[in-house]
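Okay, everyone, let's get going.

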Amino acid sequence: MSHVANQLSLTASVSELEALRYTPSGIPALNSRLEHVSEIMEAGQLRQVKAMMKSVAFGAVAEQLARQDIGSSWSFKGFVATPRGAKHVVFHIQEFAKE
């Protein structure tokens, strides 16, 4: 089987942060919601793009994200996965930095 990449880079603002929690094994975890707004060329037309993305972070990244302000903008990197029993993807944030 060939290697398939699952990487997502997204510039977005933090629209929601839940309380920092801990997994059963003691790892910090943080659920959040990110909002992306941009203009992108598609089929020769400039298109307004808006997207809300459920996201999760673990470990030190979760602790750092928990300290950020709602509305602050960042460049996020990570991957997407569908949680067990769910019908939507969740963005797993592995790193983020000021854009």
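Before anything else, one term: I'll call a residue buried if its relative accessible area is under 20%, exposed if over 50%, and partly exposed in between, with a 1.4 Å probe and protein chains only as cover. Now, this is a predicted model, so local features need pLDDT of at least 70 and side-chain atom pairs count only at pLDDT 80 or more, while totals for chains, interfaces and linings use all residues. Residues are numbered from 1 along each chain as its sequence is written, and side-chain values use heavy atoms, with hydrogens and water left out.

So, the overall layout. The protein chain has one helix and six strands, where helices (H or I, at least four residues) and strands (E, at least two) are DSSP runs numbered from the N terminus. In sequence order that reads β-β-β-β-α-β-β. Of the 99 residues, 29% are buried.

Let's look at S55, which sits in strand β4. Is S55 buried or exposed? S55 is buried, because its relative accessible area is 2%. What does S55 touch, if we skip residues up to four places away in sequence? The list is L30, N31, S32, R33, L34, V90, F91 and I93, with contact meaning heavy atoms within 4.5 Å. Take L34: 21 residues from S55 in sequence, but 7.0 Å away in space, C-alpha to C-alpha. There's also a polar contact between the side chains of S55 and S32, at 2.5 Å; that term means a pair of N or O atoms within 3.5 Å, and within protein one must be able to donate a hydrogen and the other to accept it, with residues adjacent in sequence counting only if both atoms are side-chain atoms.

On to the core. The largest nonpolar core has 15 residues, and L34, L65, F76, F91, I93 and F96 have the most contacts inside it. By nonpolar core I mean buried Ala, Val, Leu, Ile, Met, Phe, Trp, Tyr and Cys residues joined through side-chain atoms within 4.5 Å. Elements giving two or more residues to this core include α1 (59–66) and β6 (90–97). F96, leaving aside neighbours within four places, contacts V61, Q64, L65, Q68, W74, S75 and F76.

Last, strand pairing, which needs at least two DSSP bridges between two strands. β1 and β5 run antiparallel with six bridges, and T11 partners S75 in β5. β5 and β6 are antiparallel too, joined by seven bridges, and there S75 stands opposite A97.
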